[in-house]
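My notes follow in the order I made them.

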Amino acid sequence: MATLPDLVHSLDIKHGLDFQREVAARFGSLVYHPSSKVDGSFFLVASFRRYTFHLTEESVGFALQSCLGGSAHGFHVTYQSQNHYRFSVVNKQVGFLIYQIRRFISNSFDVYFHLWCDGTPNWEREKQLWQEEL
């Protein structure tokens with residue numbers, strides 16, 4: 001498994017920069033929540049199906065930055081369960097745009113995006129459906 005410095009150097013950030021520009025053009029906003037507090041943020045879950053690095057809150061942030069742009073730390077990633085991490089974005093518009101992507105595949109990882117729903121049964125149902133796909 002790759003270490004965090006290896007991961008940072010191996011990630012292709014082109015897609016993230018393109019997505020970041022799309023968000024700025026469509027909504028006139030950043031992708032991530034620029035504050036250290038997540039008040040007013042929109043939450044999603046990243047479910048990793050395949051990865052070549054050790055999953056941590058920090059490494060997941062860098063993976064998200066590579067595919068969504070923004071700032072690794074600005075996503076305020078938190079561990080939920082094995083291979084599942086909650087992250088925040090600036091608002092609902094950006095959140096639903098990411099949700100529409102559904103899946104992002106790179107050489108280093110394969111991630112699915114789900115709505116968070118405050119950890120209610122909707123989140124558990126989506127997790128179960130994802131596990132059935134494996």
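I began at a turn. β2 and β3 make a hairpin with two residues between them, and asparagine 83 in that turn has a positive phi of about 70°. Strands here are DSSP runs of E with at least two residues, helices are runs of H or I with at least four, and both are numbered from the N terminus.

I noted the ground rules next. This is a predicted model, where local features need pLDDT of at least 70, side-chain atom pairs count only at pLDDT 80 or more, and totals for chains, interfaces and linings use all residues. Residues are numbered from 1 along each chain as its sequence is written, and side-chain values use heavy atoms, with hydrogens and water left out.

**Pairing of β3**

I checked the partners of β3. Strands pair if DSSP finds at least two bridges between them. β2 (residues 78–81) runs antiparallel to β3, with three bridges. Serine 81 sits opposite histidine 84 there. β1 (residues 42–51) is also antiparallel to β3, joined by six bridges. In that pair, phenylalanine 43 faces serine 88.

**Cover of β3**

Is β3 buried or exposed? I use buried for under 20% relative accessible area, exposed for over 50%, and partly exposed in between (1.4 Å probe, protein chains only). Six of the six residues of β3 (residues 84–89) are buried, so the strand is largely enclosed by the rest of the structure. In a regular strand, side chains alternate between the two faces of the sheet. I looked at both sides. His84, Arg86 and Ser88 are buried on one, and Tyr85, Phe87 and Val89 are buried on the other.

**Helix α3**

I turned to α3 (residues 57–68). Nine of its twelve residues are buried, including Phe62, Leu64 and Leu68. Just past the helix, glycine 69 has a positive phi of about 80°.

**The core**

The core holds 32 residues, and Phe48, Leu68, Phe87 and Ile98 have the most contacts inside it. α3 gives the most to this core, with six residues.

What does isoleucine 98 touch? Contact means heavy atoms within 4.5 Å. Leaving out residues up to four places away in sequence, isoleucine 98 touches Phe19, Val31, Leu44, Leu68, Phe87, Val89 and Phe113.

**Leucine 115**

My last stop was leucine 115, in strand β5. Leucine 115 counts as buried because its relative accessibility is 16%. Leucine 115 and valine 45 are 70 residues apart in sequence, and their C-alpha atoms are 6.1 Å apart.

How values were computed
A nonpolar core is a set of buried Ala, Val, Leu, Ile, Met, Phe, Trp, Tyr and Cys residues joined through side-chain atoms within 4.5 Å.
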